[in-house]
Amino acid sequence: MTMRSATMTIMTAALALALAACQKPAGEAQGDAAQPSGRAGDLVGTWTTDAPVDFSGEGLRTQMVGGKTVYAADRKFTYSGRLTIFGNKLPVDGLNFQVAGEGDWTRDGNQLTEDYTRGTITPEAGNPTLARRARQMADEMVAEAPTRSRIVELSDSRMELSDEASDRRTSYSRAPAAAR
């Protein structure tokens, strides 16, 4: 395996891990059994992540920023954000990708399930190899099983979700009406 193909393999793995861990909050964490108040309709609206979501592994660090999820009343959702991958052999500013997805959502009590039906990952730099890898990663994102998040908090202005696989918590703020 050449150094270039090894680097691309690692980047593919990092993209997969970043998307699984950062882009789609999943599941039900152990412990905190509190049930958030609210109905399924309370989730409807535009939510933005309060802070970057970081993940490290395989010698790389990934960061999702500007995450925005829109939950519609028809049980559809859209997601957008910017993924940056940092590593020793990568540019100092990292490799940047625009990530977008859409799918179906359901809520049962404090359980939120998201199932991506379409996804795109676009490198900000015009690199054909990165573009091919990004398309593959988007296809894999859609092929994954639906993910589940435990709703830890849900109010008119705030939401916190807990990831089933990692117990990672992600906080969101409801976007003002003008920004929706």
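1. A polar contact is a pair of N or O atoms within 3.5 Å, in which, within protein, one atom must be able to donate a hydrogen and the other to accept it. The model discussed here is predicted. In this model, the side chains of Glu124 and Arg82 are joined by a polar contact of 2.8 Å.

2. The protein chain contains nine strands and two helices. Read from the N terminus, its elements follow the order α-β-β-β-β-β-β-α-β-β-β. Of its 180 residues, 44% are buried. Its accessible surface is about 9,000 Å², and carbon and sulfur atoms account for 52% of that surface.

3. Glu124 is located in the loop between β6 (111-123) and α2 (128-143). Its relative accessibility is 39%, so Glu124 counts as partly exposed. Leaving aside residues up to four places away in sequence, Glu124 touches Arg82, Asn96, Phe97 and Gln98. From Glu124 to Phe97, the C-alpha atoms are 5.4 Å apart in space, although the two residues are 27 apart in sequence.

4. Where does Asn96 lie? Asn96 belongs to strand β5, which covers residues 95-108. Asn96 counts as buried because its relative accessible area is 16%, and the category requires a value under 20%.

5. The side chain of Asn96 also takes part in a polar contact, at 2.5 Å, with the side chain of Thr84. With residues up to four places away in sequence not counted, the residues that Asn96 touches include Arg82, Thr84, Thr122 and Glu124.

6. For the protein chain as a whole, consider contacts between residues at least 6 apart in sequence: 59% of these join residues at least 24 apart.

Key. Residues are numbered from 1 along each chain as its sequence is written. This is a predicted model: local features need pLDDT of at least 70, side-chain atom pairs count only at pLDDT 80 or more; totals for chains, interfaces and linings use all residues. Side-chain values use heavy atoms; hydrogens and water are left out. Helices (H or I, at least four residues) and strands (E, at least two) are DSSP runs, numbered from the N terminus. Buried means under 20% relative accessible area, exposed over 50%, partly exposed in between (1.4 Å probe, protein chains only). Contact means heavy atoms within 4.5 Å. Accessible areas come from the Shrake-Rupley method with a 1.4 Å probe; for residues, only the protein chains shown count as cover.
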